[in-house]
Amino acid sequence: MKATGIVRRIDDLGRIVIPKEIRRTLRIRESDPLEIFTDREGEIILKKYSPIGEMTTFAKQYVESLAQVSGHTALITDRDQFIATAGGYKTLLGKGISKQLEEKISNRENVMASKGDRNFIAVSEEASEEYHHQAISPIICEGDVIGAVILLEDDMKGKMGEVEQKLLLSAAGFLGRQMEQ
């Protein structure tokens with residue numbers, strides 16, 4: 001654990017304010033759920049709660065099936081990081097998503113783009129990505145955006161179309177309904 005040097009008092013309702021600098025660094029937004037842990041030494045640990053992160057094993061199996069059926073790289077993210085990858089870009093697993101992708105997901109935007117299009121975005125902060133086509137669909141659960149399903153294609157000639165778009169919408173809808181159960 002890293003000390004920040006910041007000290008806060010608990011108010012009369014038992015609340016504590018997490019400083020803006022820490023919220024910004026950890027990408028904690030207003031109304032984000034936090035999980036609370038305690039240990040034997042009396043420490044309290046707050047961790048961002050990712051509902052879709054709880055189904056990592058299922059997401060991994062689902063993304064492998066999606067990659068196999070589509071022939072493209074398939075990824076699943078929560079609102080902060082990649083939780084499952086198949087068909088390529090395994091190095092992205094556990095890495096943070098880009099600010100552009102975070103914005104598209106928050107705005108509930110479906111993206112179908114090729115490199116050079118104005119709506120083509122970097123999906124992660126990693127600079128080593130060399131894909132030419134992308135399709136992105138947000139996962140919505142009980143009215144809240146909880147992540148995204150992404151297809152990427154490295155081949156310049158392997159453009160995506162209506163089939164991939166419908167496949168992604170179906171995958172995102174299915175994962176959102178799975179989270180509701």
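The legends below accompany close-up views of a predicted model.

**View 1. The five-stranded sheet.** Five strands form an open sheet in the order β4-β3-β7-β6-β5, and their pairing is antiparallel. From one strand to the next, the twist averages 15 degrees. Strands of a sheet pair through backbone hydrogen bonds, in either a parallel or an antiparallel manner.

**View 2. The pairing of β6 with β7.** Strand β7 spans residues 144-153 and runs antiparallel to β6, to which nine bridges join it.

View 3. Helix α4, comprising residues 162-180, lies across β3, β5, β6 and β7. Relative to β6, helix α4 runs at about 25 degrees.

View 4. The side chains of K60 and E64 meet in a salt bridge, with an N to O distance of 2.9 Å. Both residues belong to helix α2 (residues 56-70), where they are four residues apart, about one turn of the helix. K60 counts as partly exposed because its relative accessibility is 45%, a value in between the limits of 20% for buried and 50% for exposed. E64 is likewise partly exposed, having a relative accessible area of 35%.

**View 5. A salt bridge between K115 and E130.** The closest N and O atoms of E130 and K115 are 3.8 Å apart, and the two residues form a salt bridge. Both E130 and K115 lie in the loop between β5 (111-114) and β6 (133-141), so the pair ties together parts that are 15 residues apart in sequence. K115 is partly exposed, at 42% relative accessibility.

**View 6. The salt bridge of D11 and R15.** Here the side chains of D11 and R15 meet in a salt bridge, 2.8 Å from N to O. D11 has a relative accessible area of 29% and is therefore partly exposed. Side chains of opposite charge can pair when their charged atoms come close. The structure holds five salt bridges, among them the D11 and R15 pair.

Note on methods. Residues numbered from 1 in each chain as written. Predicted model: local features only at pLDDT ≥ 70, side-chain atom pairs only at ≥ 80, totals over all residues. Heavy atoms only, no water. Salt bridge = Lys/Arg side-chain N within 4 Å of Asp/Glu carboxyl O. Buried < 20%, exposed > 50% of the residue type's maximum accessible area, 1.4 Å probe, protein only. Helix = DSSP H or I, 4+ residues; strand = E, 2+ residues; numbered from the N terminus. Pairing = 2+ DSSP bridges. Axes fitted to C-alpha atoms, helices over the stretch in contact; angles between N-to-C directions. Contact = heavy atoms within 4.5 Å.
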